[in-house]
Structure formats: C-alpha cells, structure tokens
Amino acid sequence: MLLTAILDRTGLWVLQALEQIGDFVVLGSRAFRDIFRGPFDRRAVLRQFAAVGVYSVPVVALTGMAVAMVFAVQLHYGFKQFQAEGLAAQVEGLAIVRELAPVITGLMLAGRVGSAMAAELGTMRVTEQIDALECLATDPVHYLFVPRLVASMVMVPLLTGLAIYIGYWGGYELLVGVQGSPAAAYQEGFYKLLDLRDLWIALVKALVFGIIIALVGCWRGYRARNGAEGVGSATTASVVTSSLWILIADFFLTKMLLV
Amino acid sequence: MIEVVGLRKSFGPKQVLRGVSLSVEDGESLVVLGGSGTGKSVLLKHVMGLFKPDSGHVSVDGKVVDQLSRDELFELRKSIGMCFQDAALFDSMTVAENIGFALTRHTDLNPTQIRARVEECLHLVGLVGGGELKPSELSGGMKRRVGFARAIALKPRILLFDEPTTGLDPVMTDVIGNIILDLKAELGVTSITITHDLKSAFQIADRIAMLFRGECIALEHPEAFKTHPNPVVQQFLKGEAEGPFLQDPPPLHHYHGQPAPPAPRSAHEA
C-alpha cells in the first residue's frame, strides 16, 4: 500500500512536471514563430525596449560597478599573497567579460524585468484582460510575448556590454585609484587574456539569458490563477525559475563555447 | 443563430455545466438568469471559444466553435462582441485606445477614421469626450459602458454581456439596460445577456433562460417565464430565502442569545 502511494505521488509529480515543460515549450515555440508574423504594435514593442533596456541601465550599472570593485579587492588581496598583484587586472578582465557581466546582468534583469512581466501578464490574466484580447481576435502570445521576447533578446546583450564597460572602470577605480597599480599596466592587463571570442561568448550567453527571462516571465504570468495570490506566486516563481535556468544555462554554455 | 447542444463542462471534480441546450435566433435577445456559480459565465465563454466543452457543442451560424482552427476562430470572434463583467479594459491604454484596439488591428481604417468610429461608439454608450481618460479614472458604470463601446467597435452581429449591471446602483442599472436596448435597436444584433437583475432581464429579453446547477431548467418568453411552474424559477423571481434554490440555506431566524434552530428541509431535498 505504501509503495503504491509513493509510486502514485511520484507518477503524479512527473506528469505535472512534464505537463508544465510541454506547456512552456509550446508557448515558447509559438512566441518564436510569431516573431515573424504581423501585425505589430510598434508602440508596445518600443515600450518593452524602454522597460527592459533603458530603465534597467541604473541597476545594471550599479551592480556591474559594485561586483567589479569587490572582485578587484578580492583579486588584489589574493594575488598579493604571492607578490603577483599584476595578475589581478588580467583575471579581472577574464572574469568580468566571460562570467560576471552576463550572469550578474541576467540575474538582475530576472529580478527586475522578468518579475514585472510575470506580474503584468498575471494581472491581465486574473482581470480577464487576456480573455478580452482573445475576444478581440488577438492572439495573446503574439501580442504580449513577442514584444517582450524581442526586447529582451536585443537589450540583455546590450546591457551586458554596458556591464563589461562599467566593470572595466570599476576595476580601474579600485586597482589603479585605490591600490595604486599603474594605469597602463591595468589597461594592458585587462585585455591580456581576452580575445574577441570572449566578447562573443558573453553576448551569446546574454542572448540566451534574455530569452529565458522573457519566456519564463511571460509564461508564469500567462498561467497565473487565483487572483492576487496567484499573481504573487507567479512573480516569485518567475524570478526563481529564470534565475535557476540562467545559472544552469551558464554552466552548459561555458562548457560548450569554451571548447 | 447560436445553438448550444448538450453542453457539459467540469473543472476538476466540479461539474459546472451538465448538458445545457438552448438556441438563440438571429436578432433575438436572450437573457440567462441563475444564481452564482451555476455556469452562466462559463456558458458565454464557450460561445466565444475561450473554453472547450467536455461534451456537447456550441455552434454559431452553423460553425461548431470548438472545431474551428485558431484562424477561423479569430475570424468568428470579429463578428462577436463580448462585454465582460468587470469590463476587462486594458489598463495601460486610454479609453479611445481600448475602443480603437480591434479597429487598429483588424481593419484598414486610417487614424482619422478610427477616431471617428471611436467617437461614434462613445456616443452610442453616452460617453462623448471621455476618450483620453484612463480606465483607472472611470467609475464602475463608465467602465462597463467603455467595455460596450469596445465590443461594438467592429460592428459585430452578436453581442454577449456578462453581468452588465452587477454592482451598479439602480439608476446606472437602468442606464445600462437602456443602452443595451438602444444597441439592439440600432445594430439589430443577436445578444445573450447574463444577469441576476430581474428588472433589466425583463427590460431587454425576448426570451429568458434559467440555469440551475448546470442545467437549463426554463427557456421562455418573459410573460411565460413569470408563470413558469418550476419552484426554483418562482423562488428566484420572488427572491425568497426559503425554497429549493439554495443548496445550503443559512439559518433563517435569529434568537437573541439562543442558537438558531435547524433550517427547514427544502422542497428540493424532500
């Protein structure tokens, strides 16, 4: 009896998980397919570019700067143990471009933008605005998902570029301004271990993170139920799910792209 | 013509519709009465294709709604206007943008023509000059009227009203009832109206249906409906607490300091 109950519960859990994955894949595929289908609401698209990109500049700049400076402190302290402070700028450059800028940008946007998408679509769902879209012969996936997806695919890589730039100056301020390393040594060291492929890797990661943030945020909101409580749950679930997927995707992308 | 045939729908263990059948002729105004949770809104959402039935079907002009492809369904929806209970206005848009939404997406009208049509719709619902307001600036009655204006913008052949007067004061209820009558007279549409409000129901109905526990227990012309022999219909019309309408009626009498006596067994249970 106990074994049957355990199998029963496990089976139910697996079925529910498969159902959720299937639903996400179907809606995500529809969103990608609809990128190339009109009609487009230019204002809605521009609004999303502003919401995802422009309004995220301060938070990305601040976190990019803070993380770069903290990392520079740690590197300087660590390498000082071996009288190798000169390596700090090189490792700083490598870490910021390959990992810190895309991942920190992705995580910050999952919290700022993905949650907003889930809350907005969730509210639209529970107030019947999504049903109203359907009744006005408008596909909600096309109307709601596509502008957010396109905006995230474009703006997350651009913001990652910004985070790299800000990170460069964060490390500079700390290592040159505070620790007194020569400016020329920092400038040379920052790029020493990098080549163009590293920037490309960062932007590919950012593109994937943008897709994750938009699709998870929209999907969680679109499937919200049960009033305000459901919207709250959708928002939380959106941040948790997209953050986890960003970290998982980062691992696999790093393994694949560095080979 | 709208035909509902043996419509059944459950949500989990809860059976909401248990074989509802009814029809609405072209140009007819059908009012659907019933208590809360009897499946009235679910019925409307099946007509719109928002829900798929477990069994049975809804057909509009001979097209079975749940068998249409998504493109065919959208084409059908262009000919149906749906007015939601809480209006469901897009809160990021102005009133004019709400009303012009379908016109912008589904017609070749230029912005001037769209503005003219929006003004025309606002005039029909008595809200001239309110186009630049946001939904958050509107009262409940105004929201409903904007919802009506949005629903008629594409000049639909069918209008569906989901509890258009619930929560409104008696004057606004009468205003909404008159607007529905005006829309019917001016546009000649077929309509289904879900309501609890008997005054509006008799004001706008050509025929009245009553849903009770997921079944259609009466479908009559207003005068015949008033004298319908079903005790549920009569209890609903009289608005009495005693009778078969409530499954779990609350205690009817309160004695100071004493527990209320058990509720009398309803006729239905007997």
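Trainee: How much of chain A counts as buried?
Mentor: 43% of the 259 residues of chain A count as buried. Keep in mind that this is a predicted model.
Trainee: And how many helices and strands does chain A have?
Mentor: Nine helices and zero strands. Read from the N terminus, the order is α-α-α-α-α-α-α-α-α.
Trainee: What box do the C-alpha atoms of chain A fill?
Mentor: Roughly 65 × 55 × 35 Å, taken along the principal axes.
Trainee: What about contacts in chain A between residues at least 6 apart in sequence?
Mentor: Of those, 87% join residues at least 24 apart.
Trainee: Let's look at helix 9 of chain A. What should its 32 residues span?
Mentor: At 1.5 Å a residue, helix 9 (residues 227-258) of chain A should span 46 Å. Its end C-alpha atoms are 45 Å apart, so the two agree.
Trainee: Which residues are buried in helix 9 of chain A?
Mentor: Among them are A:Val231, A:Ala234, A:Thr235, A:Ser238 and A:Val239. A:Thr241, A:Ser242 and A:Ile246 are buried too.
Trainee: What covers the buried residues of helix 9 of chain A?
Mentor: The cover includes helix 4 (87-126) and helix 8 (196-222) of chain A.
Trainee: Switching to the interface. How many residues of chain B are in contact with chain A?
Mentor: 14 residues of chain B, and they are in contact with eleven residues of chain A. Helix 2 (70-77) and helix 3 (95-106) of chain B each supply at least two residues to the chain B side. Helix 3 of chain B gives the largest share, four residues.
Trainee: Which classes make up the side of chain B that touches chain A?
Mentor: Nine nonpolar residues, one polar and four charged.
Trainee: OK, sheets. In what order do the six strands of chain B form their open sheet?
Mentor: The order is 6-7-8-3-9-10, with mixed pairing. Strand 6 and strand 10 (215-220) of chain B each have a single partner strand, so one side of each is left without a neighbour in the sheet. Neighbouring strands are turned by 15° against each other on average, direction ignored.
Trainee: How many bridges join strand 6 to strand 7 of chain B?
Mentor: Four, and the two strands run parallel. B:Met82 has B:Leu160 in strand 7 of chain B as its bridge partner.
Trainee: Which way do the residues of strand 6 of chain B point?
Mentor: B:Ile80 and B:Met82 point one way, B:Gly81 and B:Cys83 the other. All are buried.
Trainee: How do strand 3 and strand 9 of chain B pair?
Mentor: In the parallel sense, over four bridges. B:Leu30 stands opposite B:Arg207 in strand 9 of chain B.
Trainee: Which strands does helix 5 of chain B touch?
Mentor: Helix 5 (residues 140-152) of chain B touches strand 6 and strand 7 of chain B. Its direction makes about 170° with that of strand 6 of chain B.
Trainee: Last one. In what order do the four strands of chain B form an open sheet?
Mentor: 2-1-4-5, with antiparallel pairing. Strand 2 (14-24) and strand 5 (63-64) of chain B stand at the edges. Five bridges join strand 1 to strand 4 of chain B, and B:Arg8 has B:Ser55 in strand 4 of chain B as its bridge partner.

Terms used. Residues numbered from 1 in each chain as written. Chains lettered and ligands numbered in written order. Predicted model: local features only at pLDDT ≥ 70, side-chain atom pairs only at ≥ 80, totals over all residues. Buried ≥ 20, exposed ≤ 12 C-beta atoms within 10 Å, placed from the backbone. Contact = placed C-beta atoms within 7 Å. Nonpolar A, V, L, I, M, F, W, Y, C, P; charged D, E, K, R; others polar. Pairing = 2+ DSSP bridges. Axes fitted to C-alpha atoms, helices over the stretch in contact; angles between N-to-C directions. Expected span 1.5 Å × (residues − 1).
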